[in-house]
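Dear colleague,

I am passing on the structure below, together with notes on what was found in it. Please read the notes with the coordinates open beside you.

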Amino acid sequence: MSLARFKNKAVDPSALQQLSPDNPALREGRTIFPSTVVGSFASPRLLVSGHNNPKLGKAVTKGERRGWPIFHLTLEERATCPRSCAQWSGCYGNAMHMARRHRHDAPFLALLKAELTALAAENPRGFMVRLHTLGDFYSVAYLQFWADMLDQLPALHVFGFTARREDADDAESRRIAKGIRWLTGQAWDQFAIRFSRPDTAPQSSIVLDADSDDPAVIMCPAQKLAPEACASCGLCWAPAARDKTIGFLRHGMKRRTPAGSGRSISPQDPAMVEWLREKGYA
Ligand code: SF4
């Protein structure tokens, strides 16, 4: 079984580009690809198989969760994120013009619940949901939705990252972050969410410009060792690694380079474009 349909390529932080400070997407708090944001009813599915994502993979390949399928949910970057996020300008969503971003509109949670319930029935042993490929927990009520789903669907297991911080300037971010801290404390096994921070801390992640030799940091192997993916790694949710910081090399929009000089996860790859169109993702 292949881990992922598309291979990850090496990340080169030195080739990345920030948005210009006067880019309206920064001021308005939205993606730079507004045509990729779809309403819930217009989307064929909210939860997409990890097979379509080079970093995730189709299903867990080792450990007690072996065989559990992986899905991911993509929201709109910035529109659901705190302005305090350290990656507000350099968000890797700036390089993801093919991603289908889901609008958190009125029917969103009801449709998401229906999909989660169906997946739990199909996968009673367990299944994984990566939150959020883009975007973040946008309200306390949305976090409560996940808490309720964990209670109702024991097969559901979530992992991911948040830029919400307990020491954030804005009160809403602090409330969301405290809620995430509480929920992960109650149910890390089902809800393994790490806090994205500028420093190392237990249960966190950090974006770096180069590999770290700090023993508290484990560099994400999916950025280096193709075809390694979350499916074959599992560090982010492993209880033994909970107190570590997961390190990611900075990735996102690249500076323009001469044709053929190499983008990494090549959203322009003709095979990828054709496949995404065929599946209705583009
Ligand atoms: S450390 Fe492992 S589980 Fe975490 S993001 Fe990287 S590949 Fe996925």
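A contact here means heavy atoms within 4.5 Å. Among contacts in the chain between residues at least 6 apart in sequence, 76% join residues at least 24 apart.

Some conventions come before the details. This is a predicted model, in which local features need pLDDT of at least 70 and side-chain atom pairs count only at pLDDT 80 or more, while totals for chains, interfaces and linings use all residues. Residues are numbered from 1 along each chain as its sequence is written, and side-chain values use heavy atoms, with hydrogens and water left out.

The mean pLDDT (the predictor's confidence in each residue, from 0 to 100) is 87 for the chain, and 82% of the residues reach 70 or more. Over residues 256–282, however, the pLDDT is below 50, and this stretch has 37 contacts in the model beyond near neighbours in sequence. Where pLDDT is low, the predicted coordinates should not be read in detail.

The chain has six helices and 10 strands, these being DSSP runs numbered from the N terminus (helices H or I, at least four residues; strands E, at least two). Of its 282 residues, 52% count as buried, where buried means under 20% relative accessible area, exposed over 50% and partly exposed in between, with a 1.4 Å probe and protein chains only.

The structure holds nine aromatic pairs; rings of Phe, Tyr and Trp (its six-membered ring) pair if their centres lie within 6.5 Å, and planes under 30 degrees apart count as stacked, over 60 as edge-to-face and the rest as tilted. One of these is the pair of Y142 and W146, which is edge-to-face because the ring centres are 6.3 Å apart and the planes stand at 80°. Y142 and W146 are four residues apart in helix α3 (residues 140–152), so about one helical turn separates them, and both Y142 and W146 are buried. The rings of F161 and F248 also form an edge-to-face pair, since their centres are 5.3 Å apart and their planes are at 90°. This pair links distant parts of the chain, with F161 in strand β6 (residues 156–162) and F248 in strand β10 (residues 245–249), 87 residues apart. F161 counts as buried because its relative accessibility is 12%, and F248 likewise counts as buried, at 8%. One aromatic cluster is formed by F108, F137, Y138, Y142, F145, W146 and F191.

F248 also belongs to the residues around the ligand, which include K55, C220, C230, C233, C236 and I246; a residue is near a molecule if one of its heavy atoms lies within 4 Å of it. The elements that give two or more residues to this shell are α5 (230–233) and β10.

The peptide bond from L131 to H132 is cis, with omega near -25°, and H132 lies in the loop between β5 (127–131) and α3. R78, although not a glycine, has a positive phi of about 70°; R78 is placed in the loop between β3 (70–73) and β4 (101–102), and counts as buried at 3% relative accessibility. Q203, also a residue other than glycine, has a positive phi near 55°; Q203 lies in the loop between β7 (191–196) and β8 (204–208) and is buried, with a relative accessible area of 3%.
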